[in-house]
Amino acid sequence: VIESPWTAQVNAFMVGSILLAVIGIFLISRIVMLVQGSAQFHVTFDRLPGVIKSRQSGFIGLTILYLIVIESIGFTLTTALFFWGSMLLLDYGKAPLAKLALAVFMALVAYGIFILGFETRLPKGAIETFLAGAF
């Protein structure tokens, strides 16, 4: 963000500030509820294996894989694969071709916004190299 245009820096600062404020409000309200006794905090370990096999855990795994792979194959392709995998996982694999088309569209929009529009330096791969020649 430091090397981005000033408008992108201001937007990133505003979004980050609002996000941190909302997280702070949430945490403070939950701590107050715990102190007042109107909430309890406990983790049941007998249910843990079922939780690990959930779609949400798969989504966390996809997110970690995204962060590992993005440097190797580039932002646009990794983002398209992440979107596609996420949609398939969270929607039980329904309509894979429609989801693939939507994922590719969303990744290309992200390319246009972040790489072309904000001139953000994101990891480059084959698709970024190809599109850089076109633009």
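Q: What is the mean pLDDT of the protein chain, and what percentage of its residues reach 70 or more?

A: The pLDDT is the predictor's confidence in each residue, on a scale from 0 to 100; its mean over the protein chain is 88, and 93% of the residues reach 70 or more. This is a predicted model, in which local features need pLDDT of at least 70 and side-chain atom pairs count only at pLDDT 80 or more, while totals for chains, interfaces and linings use all residues. Residues are numbered from 1 along each chain as its sequence is written, and side-chain values use heavy atoms, with hydrogens and water left out.

Q: Which elements of the protein chain have the lowest and the highest mean pLDDT?

A: Helices (H or I, at least four residues) and strands (E, at least two) are DSSP runs, numbered from the N terminus. Among these elements, helix α2, residues 48–52, has the lowest mean pLDDT, 69, whereas α4 has the highest, 95. Where pLDDT is low, the predicted coordinates should not be read in detail.

Q: How do you know that the span of helix α5 agrees with its number of residues?

A: The expected span of a helix is 1.5 Å times one less than its number of residues. Helix α5 has 22 residues, 96–117, and should therefore span 32 Å; its end C-alpha atoms are 30 Å apart, which agrees. Helix α1, with 31 residues, reaches 45 Å from its first C-alpha to its last, close to the 45 Å expected.

Q: Which class does W84 fall into, buried, exposed or partly exposed?

A: W84, which also lies in helix α4, has 26% relative accessibility and so counts as partly exposed. Leaving aside neighbours within four places in sequence, W84 is in contact with P96, K99, L100 and A103. Of these, K99 and A103 are among the buried residues of α5.

Q: What do the buried residues of α5 pack against?

A: They pack against α4, residues 75–90, and α6, residues 126–134.

Q: What makes up the contact of α4 with α5, and at what angle do these helices pack?

A: Axes are lines fitted to C-alpha atoms, for helices over the stretch in contact, and angles run from 0 to 180 degrees between N-to-C directions. By that rule α4 and α5 pack at about 140°, with their axes 8 Å apart. Their contact has 18 nonpolar, two polar and one charged residues, where Ala, Val, Leu, Ile, Met, Phe, Trp, Tyr, Cys and Pro count as nonpolar, Asp, Glu, Lys and Arg as charged, and the others, Gly among them, as polar.

Q: What makes phi of A95 and of E119 worth noting?

A: Most residues other than glycine have a negative phi. A95, in the loop between α4 and α5, has a positive phi near 50°, and E119, in the loop between α5 and α6, has a positive phi near 55°. At 45% relative accessible area A95 is partly exposed, while E119, at 56%, counts as exposed.

Terms used:
Buried < 20%, exposed > 50% of the residue type's maximum accessible area, 1.4 Å probe, protein only. Contact = heavy atoms within 4.5 Å.
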